[in-house]
Structures are given as C-alpha cells and as structure tokens.
Amino acid sequence: MSYSHLNQPLAAANVHSLVTDILANTVCFNDILNKLNGLYYPFMTHFDMELFYSRPVLSFFSSTQAIVGDTYPENVIWDHDKTQRFIDILSCYRNDIENERQAFIYQESHNKKQLKNYVHSLMNHYSRLLFIRIDLKYAKETSHHVTIEDFDYHMSKFRELIGKAKNCKPKSCFEHLQGNAWAIEQGGEEGGLHCHLLLMYDGSERQNDWYIAKEVGEKWKEVTAGLGEYYSYHDKERKQQYKQHDKLGIGMIHQNNPIEVENAVASALYLTKPSKNEQQLKLWLPNMRTFGHGIYRTKKRRGLPE
C-alpha cells in the first residue's frame, strides 16, 4: 500500500491507529512490518517538534528512534528484526497510552456535564429553541491538502463569525442565534479532521432548520475556500426516522414538551461522548481548544436580571 499521499494529520492518524492495534493484538506481524515500511518515511517527513501529539504517536516516534537513531528516514528498511524490536519497545509505553485514554475520558465527562447544564439553562429560559446539528469537515479528495494549522485557522475564523452573532446582519445564517457548542475530533486511519457543531436559535424568530443548516454549511465552505464540506442531520427522511422512534432531538424543541427536551439534550451530548476516545486529535497546536460552548448569562440575554 502506498502512503505517499499522507499529509501531516493523516500520517499521525495512521501511526496512532497502528500503535493502538499493536497493543490490542489486532494486527499480525507481517502487516506491522509492511505498515512500518509504508508509514515511517511520510510520518518522519511531517513530524514537527513544535506540535503536540497523542501518546500513541509519541510512542511510535520514541520506539522507532531507539532502533534507527539518526538514520535518514528514506534509508530505513524495516526488516523482521527491526520490526520485532519495535514491537518489544512499544510495549513499554502501554501505561502512558492508557493514562492518556483515561484522562481523555475524564475530560469528556467533565465537558458533558458542562454542556448538559448549558443546554438546560437555555431550554429553561426560552419557550422554544430551534436546534441545528451539523458536522463540518473536508472533502475527501482535498483533505490531504489540509494541515492542522489550516484546520485551526478555519475553525478560529468560523467561531469568530458565531461569536459575532449578536451583531450579525439581518438574513445572516447566525441571526437570532442564542446558544452554540462545538467539539473538534479526528478520525482513525482516514485521519479526517472534523467538527461537531450545535446551534440553538430563538424559536420565535427562526423556524426552517433544514434551510439554516444548509446556510451554515455553505458558510463553512466559504471560510475554507472550497476545501470544506458538511453533513446536515436535517434531511426530511433522517428526521422522520428519529421521529418514528421518539428520538428526534433537532429542529423545533418546545420547553413544555419533556420528550423533545430530553431528546434535544441527548442529541447535544453526542458532542461530548467519553466512549469516543478513538476520535481524539492525534496532533494539535499549543493551546488549541477541542471543545467549547457559548455563555448563558450575558447582558444581552433578554429576560435575565441585570
């Protein structure tokens, strides 16, 4: 398999997956050898000491360097002996990797509690809210052009637009936005960088959730200069499926309907699922945020005491 197409996030994601598969004993020796010969060079080409990496990725780097040292990556061939030594050394990092996994689960649990309180506060304040759920990502055919720096820049610009929602122009896709939450993740071997986004609008002012979701998605494509694409949960067929099972938690949510509120909270909490540890970032910039939500108590929130 050729790995020449791998860019910085994809190379890190593939290495992360290889390490976790090895430690879980779900990959055979020959596959490990072949993947080392395919992954090592592109990974080392993109490795940047200025970035932060997940423990599996750092363990890969340390284990390989202990074997090949300063040998130029293009000259390294992973034979049977080197591969076995790599596997043996890698096992020494098992505890570090598990500790990071537990820390991720703890942080996600904390984020989940915060988000739940935030959504409940908004639902208690407004008689109805329009919930929009959309995933922001990149087109598969262009994702190899996107670095972690690009993604961070695009997300920062997009969050700026959300932050200015109170002062946005009429007819903007963020007009009457009252709450938001976002979570940044990265896929496994495909390494896709993406963002789960929740937007909550004043239901007395905005109604058409499908149209708003489309507008927001198009805004993401604009911010990314055409590299981005999006997935909307607001297609009629998809919503109907959820509705048939009393699980619809997007669209118009009424404060006085406990089932709607419960479903909306459940839909929101997908952003902070502790069990999704395989979706953690494999590399990130210093001080890069992976989760956030709006502020409930603001001076501009109608009906709140000054």
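This is a predicted model: local features need pLDDT of at least 70, side-chain atom pairs count only at pLDDT 80 or more; totals for chains, interfaces and linings use all residues.
Taken along the principal axes, the C-alpha atoms fill a box of roughly 70 × 40 × 35 Å. Of the 306 residues in the chain, 48% are buried. The accessible surface comes to about 15,900 Å², and carbon and sulfur atoms account for 49% of that. If you take the contacts between residues at least 6 apart in sequence, 75% of them join residues at least 24 apart.

Now zoom in on one pair of helices. The axes of helix 3 and helix 5 come within 9 Å and cross at roughly 160°. Angles over 145 degrees count as roughly antiparallel, so that is the label for helix 3 and helix 5. Their crossing is right-handed.

Which residues meet where these two helices touch? Here they are, helix by helix:

| Helix | Residue span | Residues in the contact |
|---|---|---|
| Helix 3 | residues 55-68 | R55, P56 and S59 |
| Helix 5 | residues 94-125 | D96, I97 and E100 |

Sorted by class, this contact has two nonpolar, one polar and three charged residues.

Is S59 buried or exposed? Its relative accessibility is 2%, so S59 counts as buried, since the cut-off for buried is under 20%. And what does S59 touch? Leaving aside residues up to four places away in sequence, S59 touches L90, Y93 and I97. I97 also turns up in the table, on the helix 5 side of the contact.

Key:
Residues are numbered from 1 along each chain as its sequence is written. Side-chain values use heavy atoms; hydrogens and water are left out. Axes are lines fitted to C-alpha atoms, for helices over the stretch in contact, and angles run from 0 to 180 degrees between N-to-C directions. Helices (H or I, at least four residues) and strands (E, at least two) are DSSP runs, numbered from the N terminus. Angles under 35 degrees count as roughly parallel, over 145 as roughly antiparallel, 65 to 115 as roughly perpendicular and the rest as oblique. A crossing is left-handed if the near helix is turned anticlockwise from the far one by less than a right angle, and right-handed if clockwise. Contact means heavy atoms within 4.5 Å. Ala, Val, Leu, Ile, Met, Phe, Trp, Tyr, Cys and Pro count as nonpolar, Asp, Glu, Lys and Arg as charged, and the others, Gly among them, as polar. Buried means under 20% relative accessible area, exposed over 50%, partly exposed in between (1.4 Å probe, protein chains only). Accessible areas come from the Shrake-Rupley method with a 1.4 Å probe; for residues, only the protein chains shown count as cover.
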